[in-house]
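Here is a two-chain model to walk through together. Have the structure open and follow along.

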Amino acid sequence: MVKVLYFGIAREITGKAEEELEAHDTAGLRHLINVSHPGLRPVPFRLALNGSLLREETTLESGDKIAVLPPFAGG
Amino acid sequence: MKEKYLIAGPVTPALISELMTSGNEDTGAGAVAVFIGRVRDDEQDERRVSAIEYSAYEEMAVKETDAIIDTVRSAFSDVRSVVIVHSTGIVRAGEASLFIMVTAGHRDHATRACRHTLEMVKEKLPVWKKELF
């Protein structure tokens, strides 16, 4: 199981700040997120693994923390 | 001591004053460039923004801000310090939500590094906003 954190509009759409999901890689996790939360499908989110932005798909380990990051809007 | 880059609420005038005078002992810094970002009362769908609520992924924001500062210091050799503070929570129109200060020996690197820092903050900081009316 990995911990999935939701931020910004993703948190509003899912109604959750975080949840635990079963996934072995980020591609599988993206699919699971889109199935579980179809409202997120139009949102072009990126993923961060344990606090670092992911630039390509990767495998996941139990206990990993994945953040769902909609486009940033700081500054 | 870890730098504190995120604060709850607006970047207040008192904090800005404190940050701007914190490096006074560095007599080698001949130039100080500052950017202050404020909430603007934009009109959207015939409603006027009264405030913005900011949220952030704090763990990642610290890493990204550390990296931004390292990048700026490497790219601009004359830079002596980089300060970045971003608000979380509610900031009202007219209040400041972002403070960037770069000190350098001379004005060229101070001003260019300040602009470069701003652009990197907007691109890389995991911060989100929600307009309030």
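Let's start in a loop of chain A: Asn50(A) sits between strand S3 (46-49) and S4 of that chain. Keep in mind that this is a predicted model. What stands out about the backbone at Asn50(A) is a positive phi of about 50 degrees, although the residue is not a glycine. Is Asn50(A) buried, exposed or partly exposed? Asn50(A) has 15 C-beta neighbours inside 10 Å, so it counts as partly exposed.

Now hop over to chain B and look at Asp45(B). Its phi is positive too, at about 50 degrees, and Asp45(B) is not a glycine either. You'll find Asp45(B) in the loop between strand S3 (43-44) and strand S4 (47-48) of chain B. Asp45(B) counts as exposed because it has 5 C-beta neighbours inside 10 Å, and the cut-off for exposed is 12 or fewer.

Back to chain A and its sheet. Five strands line up in the order S2-S1-S5-S3-S4, making an open sheet with mixed pairing. Which strands of chain A stand at the edges? They are S2 (18-21) and S4 (52-53); each has a single partner strand, so one side of each is left without a neighbour in the sheet. Further in, strand S1 (residues 2-6) and strand S5 (residues 65-69) of chain A run parallel and are joined by four bridges. If you want one pair to click on, take Val4(A), whose bridge partner in S5(A) is Ile66(A). As background, strands of a sheet pair through backbone hydrogen bonds, either parallel or antiparallel.

Next, the place where the chains meet. Chain A puts twelve residues into the contact, and chain B puts in 16 residues. On the side of chain A that touches chain B, you get seven nonpolar residues, five polar ones and no charged ones. As for confidence, the predictor gives the complex an ipTM of 0.94 and a pTM of 0.94. Chain B has a mean pLDDT of 95, with 98% of its residues at 70 or more.

Finally, the inside. The largest nonpolar core has 48 residues, and those touching the most other members include Phe7(A), Ala67(A) and Val68(A) from chain A along with Ile84(B), Ile100(B) and Val102(B) from chain B. Strand S7 (residues 96-104) of chain B supplies the largest share of this core, six residues. Zoom in on Ile84(B): leaving out residues up to four places away in sequence, Ile84(B) touches Tyr5(B), Thr65(B), Ile68(B), Ile69(B), Ile100(B), Thr117(B) and Val121(B).

Methods:
Residues are numbered from 1 along each chain as its sequence is written. Chains are lettered from A and ligands numbered from 1 in the order in which they are written. This is a predicted model: local features need pLDDT of at least 70, side-chain atom pairs count only at pLDDT 80 or more; totals for chains, interfaces and linings use all residues. Two strands pair if DSSP finds at least two bridges between them. Helices (H or I, at least four residues) and strands (E, at least two) are DSSP runs, numbered from the N terminus. Two residues are in contact if their C-beta atoms, placed from the backbone, lie within 7 Å. Ala, Val, Leu, Ile, Met, Phe, Trp, Tyr, Cys and Pro count as nonpolar, Asp, Glu, Lys and Arg as charged, and the others, Gly among them, as polar. pLDDT is the predictor's confidence in each residue, from 0 to 100. A residue is buried if 20 or more other C-beta atoms lie within 10 Å of its own, exposed if 12 or fewer, and partly exposed in between; C-beta atoms are placed from the backbone. A nonpolar core is a set of buried Ala, Val, Leu, Ile, Met, Phe, Trp, Tyr and Cys residues joined through C-beta atoms within 7 Å.
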